[in-house]
Structure formats: structure tokens, C-alpha cells
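Please keep the model open while you go through them.

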Amino acid sequence: MARSPALLLLLILGFCCPGIQGQKYNMKVGFRDKSIKHPRMGQRLELECLSAKEDSGVSWLRLDKHGTLHFIVFISSLPRTVFSGNKETSTRFEASKRSNSYWLVVKSFTLEDEGKYFCLMNSNQMLYFSPGQPVFFPVTTTVASSTPAHTTQHGITQTDPCLKTRDAETNKEKKLNFSCDIIIWVPLAGACLLLLLALAVTVIACQQTRRRRCRCKRPVNGKPNAKSSMPNRHV
């Protein structure tokens with residue numbers, strides 16, 4: 001019964017439609033010590049549910065911050081207590097009845113006990129809900145501009161996780177940039193080297209071809225060949 005959609009639906013209907021609670025019974029929930037506004041870690045916390053009817057049993061419920069409804073205990077009019085899991089006792093809670101007051105005691109309040117506490121009464125096949133009593137630790141967040149730390153509501157100082165995230169992202173970005181530079185520049189340098197080698201080979205080949213074409217046949221006596229003159233014809 002730790003998570004009961006049916007009870008959650010009835011609880012929502014009880015808040016949205018106050019008429020289903022009826023006008024005959026009024027139920028109130030609050031801290032037994034009226035001076036308490038917020039609980040403390042490890043505190044013994046006492047809650048009280050006042051009902052206008054004494055001969056009906058009352059159930060204590062808790063709605064956590066995730067919207068899940070948890071059954072804690074049923075206190076009969078005898079009184080007899082039945083805790084979650086059909087147990088007569090609990091290691092975390094105590095319950096009792098005095099006249100028209102139904103008490104719930106959280107032995108040592110922790111984060112697990114945070115939520116809104118309700119009491120519910122079933123009388124003549126009608127469900128009657130009390131208003132919810134918020135029971136949460138006080139939120140005291142201190143932000144200091146000069147130091148990268150903040151204080152949580154439990155007095156525990158923690159370093160700012162955003163700084164670690166930024167440093168990790170910066171290092172990762174540097175590694176990626178270095179990898180990208182290697183991937184880009186190494187092939188580019190190799191291509192330039194190949195182009196230089198190809199250019200050198202081309203220049204050498206052109207020079208050799210030019211030398212071959214420019215070679216001329218030299219005369220035997222070192223003089224250029226002259227055309228033979230025509231013999232004179234005598235008339």
C-alpha cells in the first residue's frame with residue numbers, strides 16, 4: 001500500500017472537491033508543538049490529527065515530493081495500530097490515540113520522511129480528508145561570489161559542480177581540437193611534399209629533354225659546310 005493510485009485519486013478529489021468531505025466532520029493536522037515551522041535532522045517529530053468523531057479510526061498518509069502516496073499507519077478507536085506491511089510496530093514511527101486526537105511520531109526525522117502528511121477517516125462509507133501539513137527541511141542556500149561553493153540546507157558545503165563540468169568540457173575541447181589539427185595538417189603536409197617531389201621530377205625531366213633537342217651536328221674541319229659552286233661555262 002506504499003503506492004496506491006486509488007488513494008492518491010481520492011486524495012486529489014478531496015482537495016479539488018471539498019464537498020465530498022461533507023460538512024459533518026472537520027479534521028485538522030499540525031505539529032503538536034505549535035512553535036515548530038520546519039523539522040531538524042534527527043529530530044523526534046510529533047504530528048497531531050484532530051477529529052470531531054471519536055468512534056472512528058484514522059489513517060496517516062504521506063505524499064512525498066515525487067507525488068507518491070505512502071501509507072504509514074491505521075489507528076483504530078480501541079486504539080489499535082496497524083503499520084505498513086500489516087505490522088503492529090514500526091522502527092520509524094509511533095502512533096497513539098487520546099480522546100479525539102490521533103498522534104503520529106517520527107522517531108528520527110530524515111530526508112526520507114519529507115512530504116505532506118494527511119489523516120484520513122472512513123465513516124459510513126464516506127472518506128474524510130484533513131488538509132495537508134507540509135513537513136520539509138528549511139531551504140537555506142548561500143551563494144558567495146568570491147568562492148565557488150554553496151551551502152545546502154543541511155549545512156554541508158559542496159563545491160560548485162558547474163566548475164568541474166566547465167573544466168572537463170574545456171579539456172575535452174582542447175583534445176578534440178588537437179586531434180582535428182593532426183587529422184587536417186598531417187595529410188596536408190604529405191600532399192605538399194608529394195607536390196614538391198613531383199615538381200622537382202618534372203623540372204629535371206624537362207631539362208634533360210631540352211638538352212637532347214638542342215644538340216647540333218658539328219663539321220669535321222670545324223667550319224660550316226658550304227654549297228659547291230657551279231662550274232663556269234665557257235662559250
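1. A definition comes before anything else: a residue is called buried when its relative accessible area is under 20%, exposed when that area is over 50%, and partly exposed in between. Please also bear in mind throughout that this is a predicted model.

2. With that scale in hand, consider Arg32, which counts as partly exposed because its relative accessibility is 38%. Arg32 forms a salt bridge with Glu46, and the closest N and O atoms of the two are 2.8 Å apart. The pair links distant parts of the chain, since Arg32 sits in the loop between E1 and strand E2 (45-51) while Glu46 belongs to strand E2, 14 residues apart. Glu46 is partly exposed as well, with a relative accessible area of 24%.

3. Four strands form an open sheet in the order E1-E2-E7-E6, and their pairing is antiparallel. Strand E1 (27-31) and strand E6 (93-98) are the edge strands, each of which pairs on one side only. From one strand to the next, the twist averages 15°.

4. At the E6 side of this sheet, six bridges join E6 to strand E7 (residues 101-106), and these two strands run antiparallel. As an example to find in the model, Ser96 has Trp103 in E7 as its bridge partner.

5. Which residue forms a salt bridge with Arg44? The partner is Glu94, and the closest N and O atoms are 2.9 Å apart. Arg44 lies in the loop between E1 and E2, whereas Glu94 lies in strand E6, so the pair ties together parts that are 50 residues apart in sequence. Arg44 counts as partly exposed at 43% relative accessibility, and Glu94 counts as partly exposed at 32%.

6. A further salt bridge is formed by Arg92 with Glu112, where the closest N and O atoms are 3.5 Å apart. This pair also links distant parts of the chain, with Arg92 in the loop between strand E5 (81-83) and E6 and Glu112 in the loop between E7 and strand E8 (115-123), 20 residues apart. Arg92 is partly exposed, with a relative accessible area of 30%, whereas Glu112 is exposed, because its relative accessible area is 52%. Salt bridges that share partners join Arg92, Glu112 and Asp113 into one network.

7. How many salt bridges does a search of the whole structure find? The search finds five, among them the bridge between Arg32 and Glu46 and the bridge between Arg44 and Glu94.

Terms used. Residues numbered from 1 in each chain as written. Predicted model: local features only at pLDDT ≥ 70, side-chain atom pairs only at ≥ 80, totals over all residues. Heavy atoms only, no water. Pairing = 2+ DSSP bridges. Axes fitted to C-alpha atoms, helices over the stretch in contact; angles between N-to-C directions. Salt bridge = Lys/Arg side-chain N within 4 Å of Asp/Glu carboxyl O. Buried < 20%, exposed > 50% of the residue type's maximum accessible area, 1.4 Å probe, protein only.
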